[in-house]
Amino acid sequence: NGDGFADAIVTAPRGMHPASVLFGGSAFFYAGTAEGLPLHGELLPPFPGHSAWDLLRTVSGIGDFNGDGHTDFALVLGNDERADPLPEGFHYPVDCMPVRNDGGGLYIFLGGPDAFDFVPDYVYWGSGVGDVPDRLVGGYDFNGDGLHDIAMGSHRNDTDGLNDRGAVVLIAGLPDPMPGMISVLCEPMLEITGDEAGNHLG
């Protein structure tokens, strides 16, 4: 939140949100202070795209994804898929991504005093049916453009019919193209898959 104190976010993948998000998973925000972290966190409200059985699997700090000087974070909803049609509030410049059941959703939240509001600023949906991503690493500049990128792993990926070969996608950091809306990221910078069935890459 840009106040100079380190914060924390914790997920409960099968949490039943009181706003009727059945097994959508829950996340709790712990705002840091001069005395440290509080004993009880603030329950994040449901955000656009977060629905029943999405299973909010993991969270990670991802460095400065958009280059504004503030630390950002991302949540992975393992069993998420793109809504069809997309509701209002999403910036979807081209028809770039089909609906893939349980392909997973990566929701990116910008940090900083002017951007931090528990509403995602970007989303990337997985391209494989049943990928169910559950690994996330950020804070590294893989392509050397000065922005931090994200690696998301899906060890159950079955590309080309090879069961559980696994996959990792790299999502390139970029400035927010449409502040106030959730920008859909159509393509990963790179996708790497396991060499053979059962590799569980990711």
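Strand 9 (residues 135–140) and strand 10 pair in the antiparallel sense over five bridges. Strands here are DSSP runs of E, at least two residues long, numbered from the N terminus. Two strands pair if DSSP finds at least two bridges between them. Within this pairing, Arg135 has Gly153 of strand 10 as its bridge partner. The model is predicted: local features need pLDDT of at least 70, side-chain atom pairs count only at pLDDT 80 or more, and totals for chains, interfaces and linings use all residues. Residues are numbered from 1 along each chain as its sequence is written, and side-chain values use heavy atoms, with hydrogens and water left out.

Strand 10 also joins strand 11 (residues 167–171). These two strands run antiparallel, and five bridges link them. Opposite Ala151 stands Leu170 of strand 11.

Strand 10 itself spans residues 149–154 and is mostly covered. Asp149, Ala151 and Gly153 point one way from the strand. Ile150, Met152 and Ser154 point the other way. Residues on both sides are buried.

Strand 5 (residues 72–77) pairs with strand 7 (residues 105–109) in the antiparallel sense. Five bridges connect strands 5 and 7. Ala74 has Ile108 in strand 7 as its bridge partner.

Conventions
Helices (H or I, at least four residues) and strands (E, at least two) are DSSP runs, numbered from the N terminus. Buried means under 20% relative accessible area, exposed over 50%, partly exposed in between (1.4 Å probe, protein chains only).
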